Amino acid sequence: MKKVIVILLLAALGFYLGTTFFNIGFGDPHFANGVKDFYLKETVDNLHVSNTVTSIVVNFRGFDTLGEVTVLFLAVTALGSILYKRRHEVGTRSVLFSSSSVVTAGSKLLFPAVILLGVYVFVHGHLSPGGGFQGGVIIATGFLLMLLSYENYSVSHKWLSIVESLAGIVFAGVGLLGFINGGTFLQNFLPTGVLNNLFSGGVIPIIYIAVGFKVAAELTGVIYTVLHEKGVK
Amino acid sequence: MDSSLFQLLNYGVYGTAILVMLIGLYGALVKKSLLKVVIGLSVMESGLNLLIVALGYLKGGTAPIFSEGFLNGSNKIMVDPVPQALVLTAIVIGFGVTAVALSLVIRLYRHHGTLNIDEIRNLKW
Amino acid sequence: MIYFVLIAFLLLLMIAAAVYSIRQKDLLYATLATGIISLVLSILFYLLQAPDVALTEAAIGVALTTIIFLITIRNTVRYESDEDNFKSEVK
């Protein structure tokens, strides 16, 4: 009975969504083009940033990104408090296994390369696809590789929180400096340089590097917390 | 590309996105296992992201990056960057939501010893 | 033409993986199917001219979400106890 009601409801929803979106059409310029043209023109003329998605995320909606990073931080905190353990239970890994020597040697070789790729992605966030979020996630994937291959590989919680706090301070500090120099929060106050150079775009690379470190620390914390959770056996 | 094939693609991309969204919603509404509910929400999120990015696509457009090749080339059409920035945010936040939901699942399992919604509902706290 | 066939294949694979991940009783396979959805989705993002989103989806959807689901399954139950009311398999 419940299934029938749900299927009828979903059919009605699907019919509504289908008629709406098939009328819009795929690949047609159906949005108000003023917004898009403004962003593209402003990005290449005034900010001198190549990647328009980066300039929208960090500059035009920089305050939104600050909120997003804060939401991630809250998620890590909630995870830690939900999976709270008493003192004598700490230290045991739930996922215990012995990896073969091929896996351990391979991941030890691969780990620096993965970290380097992540750093490259977030340093070049204003020039090529990628940015702080992508680079941070790639770095967290590198730590995941090590945590899965070595049973007693551990990440220091103290260093994670230090890196995360410093990156957050840099983000908010750059925003406040913009407030002092330009009048609005996260206003650009550095010279923007030449398009398609590494040192261009004003404060955008600085903010994206801070976001990269912050996201990497937060996601590594998530993986570490969940991996050290001991279920009821 | 043929315009009739492109027309078919129009229905295909939107139809797939909506279908995947509805499949995920069905799983989240009907299934009894809490883990299955979280999987359903994750599937639904994938369909929604595809829908939003497909809205910003422009026929013959390139990625919104002012590279050397774009500046010197003849093609001056770019796809809409605004939905892409939106989806970039949505994916990262979606991961945080999934992680918190799964930690709640682990906690409930520790407390009740089961993941079936009916059994959890019948227990007295 | 080849572009059209590729996109049609990817879309069909995505629908099939979504149906499989909801219908499968073994949650391990269901989780792997959601990983396949994310992989296909990231290729589709690339074809829809959104390389930034493709990178994010490939890193988060394929690697991190799948791993977190797998750890949760390891800590709880592997099989879905269905409406048939058979006993949920506790490790």
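Biologist: Where is C:Gln49 placed?
Modeller: C:Gln49 sits in the loop between α2 and α3 of chain C. Helices here are DSSP runs (H or I, at least four residues; strands are E, at least two), numbered from the N terminus. Before we go on, this is a predicted model, where local features need pLDDT of at least 70, side-chain atom pairs count only at pLDDT 80 or more, and totals for chains, interfaces and linings use all residues. Residues are numbered from 1 along each chain as its sequence is written, chains are lettered from A and ligands numbered from 1 in the order in which they are written, and side-chain values use heavy atoms, with hydrogens and water left out.

Biologist: Okay, and what is phi of C:Gln49?
Modeller: Phi of C:Gln49 is near 65 degrees, a positive value in a residue other than glycine. A:Asn196 has a positive phi too, near 70 degrees, and lies in the loop between α7 (157-182) and α8 of chain A.

Biologist: Back to chain C. At what angle do α2(C) and α3(C) pack?
Modeller: About 175 degrees, with the axes 8 Å apart. Axes are lines fitted to C-alpha atoms, for helices over the stretch in contact, and angles run from 0 to 180 degrees between N-to-C directions.

Biologist: Are α2(C) and α3(C) roughly parallel or antiparallel, then?
Modeller: That angle makes α2(C) and α3(C) roughly antiparallel. The cut-offs are under 35 degrees for roughly parallel, over 145 for roughly antiparallel, 65 to 115 for roughly perpendicular, and oblique for the rest.

Biologist: Which residues meet there?
Modeller: Among them, C:Leu28, C:Leu32 and C:Phe45 from α2(C) and C:Val62, C:Phe69 and C:Ile73 from α3(C). The residues of this contact (heavy atoms within 4.5 Å) divide into 14 nonpolar, 6 polar and 1 charged. Ala, Val, Leu, Ile, Met, Phe, Trp, Tyr, Cys and Pro count as nonpolar, Asp, Glu, Lys and Arg as charged, and the others, Gly among them, as polar.

Biologist: Switching to chain A: how do α5(A) and α6(A) pack?
Modeller: Helix α5 (residues 101-123) and helix α6 (residues 132-149) of chain A pack at about 170 degrees, axes 8 Å apart. So α5(A) and α6(A) are roughly antiparallel to each other. Residues that meet include A:Phe111 and A:Leu117 in α5(A) and A:Ile139 and A:Phe143 in α6(A). That contact has 14 nonpolar, 9 polar and no charged residues.

Biologist: Now the interfaces. How much area do chain A and chain B bury?
Modeller: About 4,600 Å² between them, 76% of it on carbon and sulfur atoms. Buried area is the accessible area (1.4 Å probe) that two parts lose on being put together, summed over both.

Biologist: How many salt bridges cross from chain A to chain B?
Modeller: The rule finds 0 (a side-chain nitrogen of Lys or Arg within 4 Å of a carboxyl oxygen of Asp or Glu).

Biologist: And what about chain C against chain B?
Modeller: There, 45 residues of chain C are in contact with 49 residues of chain B. Those chains bury about 4,200 Å², 79% of it on carbon and sulfur atoms, and the salt bridge count is 0.
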